[in-house]
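I opened this entry to record what I looked up, beginning with the place where the two chains meet and then moving into one of them.

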Amino acid sequence: MNKEQFLNQLKRSLSGVPETEKKDILYDYEEHFRSGMENGQKEEEIARSLGNPRVLGKSYRIGSLLDESRGGRRAANVLRAVFASLSLGFFNMIITVPVFAGLLAGLIGLWAGAVSLAVTGVAVILAVILQPLLPAFITLGGLSIPFLIFASIGISAMGLLTLIGMWKLSQWFIKITGKYVQFNLRIIKKQEARA
Amino acid sequence: MNVQFKKGVLELCVLVVLCRRDYYGYELVHTISENIDIAEGTIYPLLRRLTKEGYFTTYLRESEEGPSRKYYQITEKGQTYKEDLLQEWTHFVSSVSNLIQEEEVA
């Protein structure tokens with residue numbers, strides 16, 4: 001077999017391999033023949049030591065099939081990433097957003113409660129102090145002044161404690177929200193990286 | 001010797017040889033076939049696969065005789081891979097030698 005025959009057989013057994021790659025492969029063997037001849041080898045000799053071109057062609061075909069399947073997997077990964085983001089978005093819309101809104105509303109309500117407790121405490125003590133000055137506007141409702149003072153201290157203390165508690169609760173709420181957002185971003189990024 | 005086994009060893013040989021310096025195809029094939037009896041053509045599919053996997057890069061350089069030649073250069077990834085394979089190989093060979101020696105004693 002000479003160079004021409006070898007290359008032709010190889011070319012024929014490369015059917016199914018992409019055209020640019022086929023040219024590349026054939027170039028490698030052409031160069032091999034050229035270098036061998038520069039070294040004083042005969043075409044037939046070189047062809048013989050290269051081996052059966054049909055067998056070589058087969059190993060290239062297997063290689064390019066593997067590439068295709070890898071490419072296919074990449075496409076599937078992209079699809080999975082898109083699907084994961086979509087389903088994550090759907091889950092967020094249906095479950096997370098309502099839960100978040102509910103928790104936020106509850107938190108606001110509790111804040112309002114805490115503020116009104118504190119304001120009530122202060123208002124009672126102001127009422128006790130201002131009543132002698134403004135008898136036309138403020139009545140103590142028949143309650144004794146010591147009772148009102150103690151009640152005011154109690155209500156104010158409760159308000160203050162609730163405010164401190166609310167402050168802690170809000171910080172915790174913000175932290176959890178941040179963590180959940182990060183978790184979402186991580187999932188999306190991971191899917192992208194895999195694709 | 002078993003063809004599949006030879007192919008695996010061939011991969012290691014190509015990596016080891018290319019660790020020394022850059023070779024062009026014919027030169028590399030020649031170096032290996034001087035030591036190992038194999039159909040020379042099978043080295044090219046191997047080179048192509050290992051290049052695709054990022055173990056080698058290629059570049060063209062003019063030769064004194066005329067047209068340019070495609071040179072293969074090992075990458076850092078290729079060197080790490082070679083080290084791994086070499087370790088596996090050494091382990092394998094010593095295990096086999098141990099086994100053979102045990103047989104001889106018994």
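I started at the contact between the chains, to which chain A gives 15 residues and chain B gives 16 residues; two residues are in contact if their C-beta atoms, placed from the backbone, lie within 7 Å. The model is a predicted one, in which local features need pLDDT of at least 70 and side-chain atom pairs count only at pLDDT 80 or more, while totals for chains, interfaces and linings use all residues. Residues are numbered from 1 along each chain as its sequence is written, with chains lettered from A and ligands numbered from 1 in the order in which they are written.

I then asked which elements of chain A give two or more residues to the side that touches chain B. They are α2 (19-38), α3 (43-50) and α4 (53-130) of chain A, where helices (H or I, at least four residues) and strands (E, at least two) are DSSP runs numbered from the N terminus. The largest share, eight residues, comes from α2(A).

Next I looked at how α2(A) packs on helix α2 (residues 25-35) of chain B, and found an angle of about 70 degrees with the axes 8 Å apart; axes are lines fitted to C-alpha atoms, for helices over the stretch in contact, and angles run from 0 to 180 degrees between N-to-C directions. The two helices are therefore roughly perpendicular to each other, a term that covers 65 to 115 degrees. From α2(A) the contact takes D28(A), E31(A), H32(A), S35(A) and G36(A), and from α2(B) it takes G25(B), Y26(B) and V29(B).

Two bridges join β1(B) to strand β3 (residues 69-74) of chain B, and Y23(B) stands opposite Y72(B) in β3(B).

Last, I followed F56(B), which, leaving aside its neighbours within four places in sequence, is in contact with residues including L18(B), L47(B), Y72(B) and G78(B). Of the 106 residues of chain B, 24% count as buried, that is, with 20 or more other C-beta atoms within 10 Å of their own.

Methods: Parallel < 35°, antiparallel > 145°, perpendicular 65-115°, else oblique. Pairing = 2+ DSSP bridges. Buried ≥ 20, exposed ≤ 12 C-beta atoms within 10 Å, placed from the backbone.
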